[in-house]
Amino acid sequence: MSEIYLAGGCFWGTQKAMSLLKGVLSTECGYANGDPHFIPDYMLVCSGRFGYAEAVKVVYDENVIGLDRLLSAFFMTIDPTQSDGQGNDKGIQYRTGIYWTDEVTGMKATAIVSVLSQQYPEFHTELLPLSNFTPAEEHHQDYLDKNPNGYCHISSAVLNEIKDRFN
């Protein structure tokens, strides 16, 4: 098992997209890489004052889906040229990022993104080690499964394309 943490704007859509991939074993919405002096909750994160990003912990079987395919699917869900936001969601908590917990994954992610980033005129997706992660409140977990018509900056067409292309 391997893990990576992905910030792609609102965590609802990122969680849904990653959960569609064969080889992804689990996903969990949460708050990443903010001020470690605070235990974040949604309201604290939305204030933007403590540097947290809405992120998704993705646990996957690298024998089924490699990090390259997982990140290719992730890049279908974000616009890495936008800084501090995706779609209608604006603010530091909606920045895009890729965070890792071990050096090998960090080196792989950096190599993969160095190739993917060449297709964009600007690139604002963070690439950093994970400094901290706190799971989000229960009502945020699997939100789009519980609320199929809930807001998401990722279109249903993109979600369907991810499901078809990566499975």
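Reply: By class, six nonpolar, four polar and two charged residues make up the lining of the largest pocket. Keep in mind that this is a predicted model. The pocket holds about 210 Å³ of space. Its lining consists of Lys16, Leu20, Leu144, Pro148, Gly150, Cys152, Ile154, Ser155, Ser156, Leu159, Asn160 and Lys163. Helix α6, residues 156-165, contributes most to that lining, with four residues.

Now helix α1. It spans residues 11-19, and Lys16 is one of the lining residues. Seven of the nine residues in α1 are buried, so the helix is mostly covered, buried being under 20% relative accessible area. The buried set is Phe11, Trp12, Gly13, Thr14, Gln15, Ala17 and Met18. These residues pack against the strands β1, β2 (24-32) and β3 (53-60). They also pack against the helices α3, α5 and α6.

Aspartate 142 counts as partly exposed because its relative accessible area is 34%.

Aspartate 84 is another case. Its phi is about 55°, also positive, and it is not a glycine. It lies in the loop between α3 (67-76) and β4 (85-86). With a relative accessible area of 35%, aspartate 84 is partly exposed.

The side chain of lysine 146 forms a salt bridge with that of glutamate 138, at 3.6 Å from N to O. Glutamate 138 counts as exposed, because its relative accessibility is 58% and the cut-off is over 50%. Lysine 146, at 44%, is partly exposed.

The structure has six salt bridges in total. Another one joins glutamate 62 and lysine 108 through their side chains, at 2.9 Å from N to O. This pair bridges distant parts of the chain, 46 residues apart: glutamate 62 is in the loop between β3 and α3, and lysine 108 is in helix α4 (residues 103-116). Glutamate 62 is partly exposed at 32%. Lysine 108 is partly exposed too, at 36%.

Arginine 95 and glutamate 126 form a further salt bridge, with their closest N and O atoms 3.0 Å apart. They are 31 residues apart and also link distant parts of the chain. Arginine 95 is in the loop between β5 (89-90) and β6 (96-100), while glutamate 126 is in strand β7 (residues 126-129). Arginine 95 counts as buried, because its relative accessibility is 7% and buried means under 20%. Glutamate 126 is partly exposed at 24%.

Finally, strand β1, one of the elements that the buried residues of α1 pack against. Glutamate 3 belongs to β1, residues 2-8. Proline 148 is one of the pocket's lining residues. Glutamate 3 is partly exposed, at 23%. Beyond neighbours within four places in sequence, it is in contact with Lys57, Val58, Val59, Tyr60, Thr101 and Thr105. Its side chain makes a polar contact of 3.1 Å with the side chain of tyrosine 5. A polar contact of 3.4 Å joins the side chains of glutamate 3 and threonine 101.

How values were computed. Residues are numbered from 1 along each chain as its sequence is written. This is a predicted model: local features need pLDDT of at least 70, side-chain atom pairs count only at pLDDT 80 or more; totals for chains, interfaces and linings use all residues. Side-chain values use heavy atoms; hydrogens and water are left out. On a 1 Å grid over the protein atoms alone, a cavity is a set of points where a 1.4 Å probe fits but cannot get out, and a pocket is an open set with protein on both sides within 12 Å along at least five of seven lines; lining residues have an atom within 4 Å of a point. Grid points are joined across faces, edges and corners, and a volume is the space filled by probe spheres set on the points. Helices (H or I, at least four residues) and strands (E, at least two) are DSSP runs, numbered from the N terminus. Ala, Val, Leu, Ile, Met, Phe, Trp, Tyr, Cys and Pro count as nonpolar, Asp, Glu, Lys and Arg as charged, and the others, Gly among them, as polar. Buried means under 20% relative accessible area, exposed over 50%, partly exposed in between (1.4 Å probe, protein chains only). Contact means heavy atoms within 4.5 Å. A polar contact is a pair of N or O atoms within 3.5 Å; within protein, one must be able to donate a hydrogen and the other to accept it, and residues adjacent in sequence count only if both atoms are side-chain atoms. A salt bridge is a side-chain nitrogen of Lys or Arg within 4 Å of a carboxyl oxygen of Asp or Glu.
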